[in-house]
Amino acid sequence: MPPVPALDAAPAASEFLAPVFAQYPLEVVSAQGVWLTNTRGERVLDLYGGHAVAALGYGHPAWTGALARQAQLCQFQSNAVAMAVRTRAAGRLARFAQLGDARVFFVNSGAEANENALKIALRTTSRRHVAAIEFGFHGRTAAAGAVTWGAQAKWYGFPRAPFDVSFLPRGDVSALRARVTRRTAAVIVEPVQGLAGAVDLGADYLAALRRRCDEVGALLIFDEVQCGMGRTGQPFAARLHGVVPDLLTTAKALGNGFPCAALLMTPQLSAQLPVESLGTTFGGGPMACAAIEAVLDAIESQGLLERVRHLGALIRASCIVGPVRAHQGAGLLVGLRTTRPAREVHAELLECGILAGTSSDPHVLRLLPPFILEDEHVELLRDALRELPA
């Protein structure tokens, strides 16, 4: 064993973290509303929302109050016992989704939700092939990573995928007949691709996927981990585009920062799942369910879906200035296409006190702000972009 270092040679606290994340030159010490405060006491406008998580911003009183009350009542119990808060959260989410009489399975993360959706598809169809869309991102676990574009070359790490995988050219309806067949268990798709740069696949293409899945008996999985929970201005992009999937996954904004996720499925699929065919320790815990209820309450009582639609339209109308030449996406999942590398624009905005995001497209700046954003915050972005070199 290596010698134990002397106390005066102890590493800095940050050195205990595995260095696996690229980080922005920003250290956050507190946050309120849509503003972050750094170690120098400077405020930074958050237009990234922690990867689309902070839908209600920071310090939302109803959300923090709900968590505090639930922590005092009971901070945790497993799914082995019934809890009213879990039942309420499931009902609220199913009604909010407006996708028919959906059944809800709570888990912990978007990757876990996708993992279980794929498991259900493979099990109920007894098939071993899954089709995914080029440039999509579905998570870093074994099954979710297998259907993530580019994962095998970059970070997958597992010796083999757990099933056969094909990738479909984005938006190419003509490719569906050859690649989605009667050996296909499921097609998994982000209706609005997030990491790819806020790419809306559109109603026509999603409807074509639905038709082809119906023709061959495959299941259609909508991964709405990033684009769901109101971010498109509708409860889910499935509602935005009028296409109903067999399974839908959501996370990120679902808990406003409390780790949680959900898998919604049709009653027909739910009826095929024996007791104990799915499991999770922390999924559906009372704190998570209290957070989910608070998020849904705020979205509905504060009219945040309408606000998302308004703000998304305002950004698109006013922020095509400076180095930005076009926009894409839906609602408050916005891609601003830049004339220069987006990373340059991102760094320049951060110097101006505005945090945005980048994407796998080197010329797309990605915006995923809280739903409580105000018009004046969009004006700050517009003015900052206007001052940047084109």
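**Strands, cores and pockets in a predicted model**

Reader: What makes Gln193 count as buried?

Author: Its relative accessible area is 0%. Buried means under 20%. Therefore Gln193 is buried. This is a predicted model.

Reader: Where is Gln193 found, and what is it in contact with, leaving aside neighbours within four places in sequence?

Author: Gln193 is found in strand 8, residues 192-193. Leaving aside neighbours within four places in sequence, its contacts are Ile133, Glu134, Phe135, Gly136, Arg170, Ala198, Val199 and Leu201.

Reader: Why are these called contacts?

Author: Contact means heavy atoms within 4.5 Å, so each residue in that list has a heavy atom within 4.5 Å of one in Gln193.

Reader: Is Val308 buried or exposed?

Author: Val308 is at 0% relative accessibility. The cut-off for buried is under 20%. So Val308 counts as buried. It is found in helix 12, residues 304-318.

Reader: Which residues is Val308 in contact with, beyond four places in sequence?

Author: They are Gly230, Arg231, Thr232, Gly233, Gly331, Leu332 and Phe371. Tyr156 is another matter: the C-alpha atoms of Val308 and Tyr156 are separated by 35 Å. Along the chain those two are 152 residues apart.

Reader: What is Pro162 in contact with, leaving aside neighbours within four places in sequence?

Author: Pro162 is in contact with Ala142, Ala143, Ala146 and Tyr156. The place of Pro162 is in the loop between helix 6 and strand 6.

Reader: Now the strands. Why are strand 1 and strand 2 said to pair?

Author: Pairing needs at least two bridges. Strand 1 (residues 28-32) and strand 2 have 4 bridges, so they pair. The sense is antiparallel. Val28 has Asn38 in strand 2 as its bridge partner.

Reader: How many residues lie between the strands in the hairpin of strand 1 and strand 2?

Author: There are 2 residues between the strands. In this hairpin Gly33 takes a positive phi near 65 degrees.

Reader: How do you know that strand 2 and strand 3 pair?

Author: Strand 2 (residues 35-38) and strand 3 (residues 43-46) have 3 bridges. The cut-off is at least two, so they pair. This pairing is antiparallel as well. Two bridge partners in strand 3 can be named: Arg43 for Thr37, and Leu45 for Trp35. The two strands form a hairpin with 4 residues between them. Gly41 in its turn has a positive phi of about 80 degrees.

Reader: What makes strand 3 and strand 15 a pair?

Author: They are joined by 2 bridges. At least two are needed, so the pairing counts. Strand 15 covers residues 354-355 and runs parallel to strand 3. Asp46 stands opposite Leu355 in strand 15.

Reader: Which residues have the most contacts inside the largest nonpolar core?

Author: They are Leu93, Leu168, Val187, Leu209, Met229, Leu349 and Leu385. The core has 83 residues. Helix 11, residues 286-301, gives the largest share of this core, 11 residues. Apart from it lies another core, of 30 residues, including Ala132, Ala143, Val147 and Val225.

Reader: What does Val187 touch, not counting residues up to four places away in sequence?

Author: Val187 touches Ala131, Ile133, Leu168, Val180, Leu209, Cys213, Leu219, Leu220 and Ile221.

Reader: What volume has the largest pocket, and which residues lie nearest its centre?

Author: About 2,000 Å³ of space lies in it. Of its 50 lining residues, Phe21, Tyr48, His51, Arg140 and Lys252 lie nearest the centre. The lining divides into 24 nonpolar, 17 polar and 9 charged residues. Helix 4 gives the largest share, 3 residues.

Reader: What of the second largest pocket: which residues are closest to its centre?

Author: The volume of the second largest pocket is about 570 Å³. Of the 21 residues that line it, Val104, Phe105, Phe106, Ser270 and Leu278 are the closest to its centre. Helix 3 supplies the largest share of this lining, 5 residues. By class, the lining has 11 nonpolar, 7 polar and 3 charged residues.

Methods: Residues are numbered from 1 along each chain as its sequence is written. This is a predicted model: local features need pLDDT of at least 70, side-chain atom pairs count only at pLDDT 80 or more; totals for chains, interfaces and linings use all residues. Side-chain values use heavy atoms; hydrogens and water are left out. A nonpolar core is a set of buried Ala, Val, Leu, Ile, Met, Phe, Trp, Tyr and Cys residues joined through side-chain atoms within 4.5 Å. Buried means under 20% relative accessible area, exposed over 50%, partly exposed in between (1.4 Å probe, protein chains only). On a 1 Å grid over the protein atoms alone, a cavity is a set of points where a 1.4 Å probe fits but cannot get out, and a pocket is an open set with protein on both sides within 12 Å along at least five of seven lines; lining residues have an atom within 4 Å of a point. Grid points are joined across faces, edges and corners, and a volume is the space filled by probe spheres set on the points. Ala, Val, Leu, Ile, Met, Phe, Trp, Tyr, Cys and Pro count as nonpolar, Asp, Glu, Lys and Arg as charged, and the others, Gly among them, as polar.
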